[in-house]
Amino acid sequence: MEISEEQKHVLGTFNLDKGPCLGRGGSAQVVLAFDRKDPSSKVAVKIISFESGKQAMVDQFHDEVSALRCLSHDRVMSLVTYASTPRQGFIVLKHYPHGTVDKSFPVESSVALGYVADVARALDYIHRLRIYHQDVKPANIFLDDDGRAVLGDFGLARRLKDGEKKVTSWVSTCGFYGPETRTGRCMCPFKATSVELQLGPPAWLWKEQLKDETANIFNAASLRCDGLKPV
């Protein structure tokens, strides 16, 4: 069976029809899918290719599903269902038609602070479950119908094992590593010391795209993000 036919077959088991591609990166793509009984009902489907034969992609799929299955919070993207074949993994997620916050600039200072507060709530929640995201950046923060931020894309998320408190390695998008991840020393993955760490080091780029006084908002918000760690 061709890859495209396999995708059609798997989505059909969920009573879904495949729509346009919403995004692509590495070995994965995200497509829009429509409910066959109600085309106005849409979901986002992340399709991960295992064709490269690398066990790492299979492991990443299972890690992402494992993390998402534990999560139920209004500031965290919702898992609908999932499936896999020997060649592909399918993760069905809630669709956010308003896109991501990086497409919303420029915004007022109060809106920017709202995004930071929403993401802080999401991080506080997942950290209490000993899950750390590793890839928090504007392109992975979605907007719901109320204009509030929702943390998504758990492809790099990991969960600490019982008894573990620190990590020695960090995997993220190039340009979004916090400075402490470069030292090679043990670090707590649940603590944010600044907005630059949690929303990506290029926060100064955000400041240039935001309206007046937002820099002060970011500096104040960094204090609110301090101490996000499991209980």
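Trainee: Let's begin with the strands. Which residue is the bridge partner of Leu 79 in β5?
Mentor: That's Leu 93. Keep in mind that this is a predicted model.

Trainee: Noted. How many bridges join β4 to β5?
Mentor: There are 5, and the two strands run antiparallel. β4 covers residues 79-84, and a hairpin of 3 residues connects β4 to β5.

Trainee: Is β5 largely enclosed or open?
Mentor: Largely enclosed by the rest of the structure, because 6 of its 7 residues, in the stretch 88-94, are buried.

Trainee: Which residues lie nearest its centre?
Mentor: Gly 23, Val 30, Lys 46, Asn 140 and Asp 153, out of 34 lining residues. By class, the lining splits into 12 nonpolar, 13 polar and 9 charged residues.

Trainee: You mentioned α2. Where does Met 57 lie, and is it buried or exposed?
Mentor: Met 57 lies in α2, the helix of residues 55-69. Its relative accessible area is 14%, so Met 57 counts as buried.

Trainee: Now charges. How many salt bridges does the structure hold?
Mentor: 11 of them. One of them pairs the side chains of Glu 6 and Arg 87, at 3.5 Å from N to O. This pair links distant parts of the chain, with Glu 6 in helix α1 (residues 3-13) and Arg 87 in the loop between β4 and β5, 81 residues apart.

Trainee: Are those two buried or exposed?
Mentor: Glu 6 is buried at 10% relative accessible area, while Arg 87 is partly exposed at 23%.

Trainee: What does Arg 158 form a salt bridge with?
Mentor: With Asp 63, where the closest N and O atoms are 3.7 Å apart. Here too, distant parts of the chain are linked: Arg 158 sits in strand β9 (residues 158-159) and Asp 63 in helix α2, 95 residues apart. Arg 158 is partly exposed at 27% relative accessible area, and Asp 63 is partly exposed at 33%.

Trainee: On to α3. How far does it reach?
Mentor: Helix α3, residues 109-128, reaches 29 Å from its first C-alpha to its last. That is close to the 28 Å expected for its 20 residues at 1.5 Å a residue. Just after α3, Arg 130 has a positive phi of about 65°.

Trainee: Which side chain meets Arg 128 in a salt bridge?
Mentor: The side chain of Asp 124, at 3.2 Å from N to O. They are 4 residues apart in α3, so about one helical turn separates them. Arg 128 is partly exposed at 44%, and so is Asp 124 at 23%.

Trainee: Last one: which residues do salt bridges with shared partners join into one network?
Mentor: Lys 46, Glu 64 and Asp 153. Among them, Lys 46 and Asp 153 also came up for the pocket, as residues nearest its centre.

Terms used:
Residues are numbered from 1 along each chain as its sequence is written. This is a predicted model: local features need pLDDT of at least 70, side-chain atom pairs count only at pLDDT 80 or more; totals for chains, interfaces and linings use all residues. Side-chain values use heavy atoms; hydrogens and water are left out. Buried means under 20% relative accessible area, exposed over 50%, partly exposed in between (1.4 Å probe, protein chains only). Two strands pair if DSSP finds at least two bridges between them. On a 1 Å grid over the protein atoms alone, a cavity is a set of points where a 1.4 Å probe fits but cannot get out, and a pocket is an open set with protein on both sides within 12 Å along at least five of seven lines; lining residues have an atom within 4 Å of a point. Ala, Val, Leu, Ile, Met, Phe, Trp, Tyr, Cys and Pro count as nonpolar, Asp, Glu, Lys and Arg as charged, and the others, Gly among them, as polar. The expected span of a helix is 1.5 Å times one less than its number of residues. A salt bridge is a side-chain nitrogen of Lys or Arg within 4 Å of a carboxyl oxygen of Asp or Glu.
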